[in-house]
Amino acid sequence: MLGRLILTYPATARRIGALFVLFLVAAGLYSLGISSAWIGKIFPSAVDWLKENKQLGRAISAIALALIVAFNWKLLQLLPRRQQIVAVWLELFALLMLFFYSFDLSLPFIAKKIGFMISQGVVTTLYISAISIAIATVIALAGAIAKLSKNGVIYGLATFYTSLFRGLPLLMQIYIIYLGLPQVGYVIGAVPAGILALSLCYGAYMTEIFRAGIESIHRGQTEGATALGLSPNQTMFLVILPQAMRVIVPPTGNQFIAMLKDSSLVSVVGVWEIMYLARTQGQTEFRHIEMLITASMIYWVLSIGLEFLQSRIEAHFGRFNAR
Amino acid sequence: MPQSMNDEIKLSGVHKWYGQYHALDDINLEVAKKERIVICGPSGSGKSTLIRCINRLEAHQQGQIIVGGIELTENEKNIEEVRREVGMVFQHFNLFPHLTIVENCVLAPVWVRKMGKAKATEIAMHFLERVRIADQANKYPGQLSGGQQQRVAIARALCMNPKIMLFDEPTSALDPEMVKEVLDTMVSLAEEGMTMICVTHEMGFARQVADRVIFMDQGRVVEEAAPAEFFDNPQHERSRLFLSQILH
């Protein structure tokens, strides 16, 4: 019945649908308890009326917001795709900034501290992450090859390793390495402990990614290479891995970004990276939220850098798919 | 000189099992230098397994396989040596999609024969010229048609300068109008005196170039004869049935 109506009057049905969605958005905003204060800010003359008619004011606020969103949507549809993407980013970024602005942050305090945050915190975070990423990649490659091995001992080693380091919380791994290794006579610094924990943990996750990537390559590729006389190692590094990279790179990019942020856990053993500074620098003037938001934004910027890197690498390994 | 000295390939009493399944059952086969053999038979008869044992993509479990005077055993060195001298062409081409056509051809000569890149490229272009595909040398395999890809696969194998070529159903995955270009390449290869073993159902090709046709069924060699004899006067009931099926 409804289906027939939609098929017979598609244009009308679409309009009714759009109105319905508009109504849903407005109702949703209202039920979430949207305030009407922003109307008062834009039209000061309405302040008194809004005070007297609280419910009605909120309803109008919800409907107005829904209309603004709808209008914005319509407007964006007029743009070509590239500009749509940029516009959405700009709009959402502005909203995010508005959100932070509502915290009443002290910008001078941020300006005073951000230099040290970057010269000490970002440098430390980046160097811990970069070394850990490099080691984790090597571990992952070795782990993946070991997991595909016919040798039971090697397979056993690899599965125990991935099981243990995927199974323990990263925070515990950092504590165990930093506090536990001295028990067996090997005193380890905070930074090396952090790097070791991060590489071992992410190496274990990435082992699975690499294994899946290698297994995704058709057996015929190995046979083709073998028949040409290539050794198993040559087959892996010249034929299988370059193709597997296409499958491996996107989830590995995820892991890199996750690791960048998980490096904040290293702050628990007193390494002066971004998170540690964010918690300590704000203490002196009770401006915690300034530092935490600054740190968050720094993490975001660094992640965007990694996303960019990932897309470049993906393009490199995917170039043979171009027609 | 005794006949056996001329044998490029010699299989005696070869057996292979996949679990319980008896894939090769007492295979005895001698292939002389420059001989062209066509192997045919119903699917699952063991013909692919047979030629894959010759370059040890599959390991046999009993019997003896000698290729170019070298016995295939667990010995890795022997296996490597045999693989260097035996080229193989697959049903699904197995070109490396991440490398260009010429890079596909250069890979093994450079890494296995330790040839200089310039020299290897020169040889690659020579063979690509021969299979009439040199103008596509810098494209990727995915940009070529099936027939073109298979011709590249033949050129790639020839770049290693093999003494023996194995063909595992080289035309089975091709569109009908591309079969001829690949068969023509194979015929010209045969005319130059390459030792060839082809698993194929292209009976025209078998008639034209084969010295012997081998018919397999259930892991055994059922019949072995010159092509004219095999096609016109098959001896075994099973061969007759098979031929009546594929020749309509």
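The points that follow take up the nonpolar cores and then a helix pair.

The model is a predicted one. In soluble globular proteins, nonpolar side chains tend to be buried together.

**Nonpolar cores**

- The largest nonpolar core holds 61 residues, and those touching the most other members are Met117(A), Tyr202(A), Met206(A), Val239(A) and Ile274(A).
- At least two residues of this core come from each of several helices, including H7 (107–147), H10 (190–215), H12 (232–262) and H14 (288–317) of chain A, and also H3 (101–111) of chain B.
- The helix that gives the most to this core is H10(A), with 13 residues.
- Beyond its neighbours within four places in sequence, Tyr202(A) is in contact with Ala136(A), Leu170(A), Gln255(A), Ala258(A), Met259(A) and Asp262(A).

**Packing of H5(B) and H6(B)**

- In chain B, helix H5 (residues 146–158) packs with helix H6 (residues 176–191) at an angle of about 20°, and their axes lie 8 Å apart.
- Because angles under 35 degrees count as roughly parallel, H5(B) is roughly parallel to H6(B), and the crossing of H5(B) and H6(B) is right-handed.
- On the H5(B) side the contact is made by Gly146(B), Gly147(B), Gln148(B), Gln150(B), Arg151(B), Ile154(B) and Leu158(B), which meet Met178(B), Glu181(B), Val182(B), Thr185(B), Met186(B) and Leu189(B) of H6(B).
- The residues of this contact between H5(B) and H6(B) comprise 6 nonpolar, 5 polar and 2 charged.

Note on methods: Residues are numbered from 1 along each chain as its sequence is written. Chains are lettered from A and ligands numbered from 1 in the order in which they are written. This is a predicted model: local features need pLDDT of at least 70, side-chain atom pairs count only at pLDDT 80 or more; totals for chains, interfaces and linings use all residues. Side-chain values use heavy atoms; hydrogens and water are left out. Axes are lines fitted to C-alpha atoms, for helices over the stretch in contact, and angles run from 0 to 180 degrees between N-to-C directions. Helices (H or I, at least four residues) and strands (E, at least two) are DSSP runs, numbered from the N terminus. Angles under 35 degrees count as roughly parallel, over 145 as roughly antiparallel, 65 to 115 as roughly perpendicular and the rest as oblique. A crossing is left-handed if the near helix is turned anticlockwise from the far one by less than a right angle, and right-handed if clockwise. Contact means heavy atoms within 4.5 Å. Ala, Val, Leu, Ile, Met, Phe, Trp, Tyr, Cys and Pro count as nonpolar, Asp, Glu, Lys and Arg as charged, and the others, Gly among them, as polar. A nonpolar core is a set of buried Ala, Val, Leu, Ile, Met, Phe, Trp, Tyr and Cys residues joined through side-chain atoms within 4.5 Å. Buried means under 20% relative accessible area, exposed over 50%, partly exposed in between (1.4 Å probe, protein chains only).
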